[in-house]
Amino acid sequence: MKHDRPIYFDHAATSWPKPPEVLDGMRRFLEEIGANPGRSGHSMSLDAARMVFETREAVAELFGLDDSAQVVFTANATHAFNIALQGMLQQGSHVITTAMEHNSVIRPLRELESRGVIELDIIPCTNTGTVCLDTLDARFRPNTGLVAVQHGSNVTGCVQPIEKIGALCSRRRIPFLVDAAQTAGCLPIDMKAGHIDLLAFTGHKALLGPTGIGGLCIAGSRLPEPLYFGGTGSASEQEKHPLFMPDRLEAGTPNTVGIAGLQAALEHLRRISLAATVEKEQALRSRLVDGLHAIDGVRVYSGELPVVSFTIDGLTPDDIGYVLDRDYGIMSRVGLHCSPLAHRTLGTAPAGTVRFSMGYSNTMDQVDRAVQAVAEIAERSP
Amino acid sequence: MKQILVFESTHAVLKAEKWLKANSVPYEILPTPRHISSDCGMAIRLEQTEGVSIPDLLLQSGIKAAMHPQENCCEF
Ligand SMILES: Cc1ncc(COP(=O)(O)O)c(C=O)c1O
């Protein structure tokens, strides 16, 4: 069977297709501006710098951050975590994180642990993936230097009680780092209400921007040490890297085309409204979850985001994913989703699950066809 | 007389530009004149108004700027 129109259910890996405005924004930047921002004094360079500035302001507004100088552009969320974790954690710091985290948080932390820099405490979660506040509260130590928690899961879509966790950290004046890779563009996020000190996001998922652009937003005056050093277009006569924001954490020519795409994506999000996106995605999610629950032999792992994992008794996730693609044109993601800890928490390790993750471009009809496909595959199960 | 405002970063220049636009203050952005020491390659030139300190007003909005009279600059 060949499918001229695939059903793209892999938005949690990266969203597709991007809104036409995003492509237009990137093309316009390359055709009409193109110059290096803040490096040369000419008017095209100034226009490029204005575009970067406006995008910083839009990001700050989206996440409720007062000072847009505290928005640092990075390549993706992984890059932002590395800046935050390697730059904030000092010798002997104790770090608390959770058993739902993505490898982009766990691996830099494990690296710092193996270098003997930090003591790492990974707190267990419930078997549906939620952090228990009492468990967290009991783990604080006098040398706790950071708490890192994922806002929304890329495996089950479960959302953590970020404001309550933030309040616990803020009472102890411990910096709170949030992984918003799955939630930025999917849920409202307010750094103040969440007591969030460091927020890492990526542009290419629910924000609908291109790959290669993300960021780290920092509230307050506790700033990471720079992870890398170089040209900034400022303080050029000095051989030492400047320590003011955002230049402190941004060296080298930025990904201007990516930033232009992100700017257009944020405008798109404002135009269609986050509330409308949330409503549409919630409707898709409940239809999918209800449909999957009704199939014999299917186990469903779901939460609040339009990200749903499932398994079929008697079949491996990779076989299911292969048949979904070959026979039904459905793009899913199978296995561990870069989150082996999360799968251990859910009891789905080592094989993992099949994940359907939906976005603005999906329809109810696609959900119904996918549920039908899963039902047919489950029927064939030995 | 014209004044040159210099800033720490490009970000600060553009924040100042946003403030000047919002407050309808005419300005130009130009490369920082060589003899003025500055961290940033871009500067803002504006006409000084009697009794008004733009750097003070910018500072109230959290933007740090240093002001230099233009007398030492060649006028283009
Ligand atoms: C929960 C979560 N955190 C972090 C990341 C890392 O994002 P990126 O690969 O864009 O750095 C992802 C996605 O890959 C994710 O799903």
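Over all chains, the structure holds four aromatic pairs, a pair being two rings of Phe, Tyr or Trp (its six-membered ring) with centres within 6.5 Å. In the predicted model, local features need pLDDT of at least 70 and side-chain atom pairs count only at pLDDT 80 or more, whereas totals for chains, interfaces and linings use all residues. Residues are numbered from 1 along each chain as its sequence is written, and side-chain values use heavy atoms, without hydrogens and water.

The rings of A:Phe63 and A:Phe201 form a tilted pair, because their centres are 5.4 Å apart and their planes lie at 50°; planes under 30 degrees apart count as stacked, over 60 as edge-to-face and the rest as tilted. The pair links distant parts of the chain, 138 residues apart: A:Phe63 lies in the loop between H2 and S2 of chain A, and A:Phe201 in strand S7 of chain A. A:Phe63 is buried at a relative accessible area of 2%, and A:Phe201 is buried at 0% (buried, under 20%; exposed, over 50%; partly exposed in between; 1.4 Å probe, protein chains only). One aromatic cluster is formed by A:Phe9, A:Phe310 and A:Phe356.

Seven strands of chain A form an open sheet of mixed pairing, in the order S2-S8-S7-S6-S5-S3-S4. Strands are DSSP runs (E, at least two residues), as are helices (H or I, at least four), numbered from the N terminus; two strands pair if DSSP finds at least two bridges between them. Strands S2 (71-74) and S4 (118-123) of chain A stand at the edges with a single partner strand each, so one side of each is left without a neighbour in the sheet. Four bridges join S2(A) to the antiparallel strand S8 (residues 214-218) of chain A.

Notes
Chains are lettered from A and ligands numbered from 1 in the order in which they are written.
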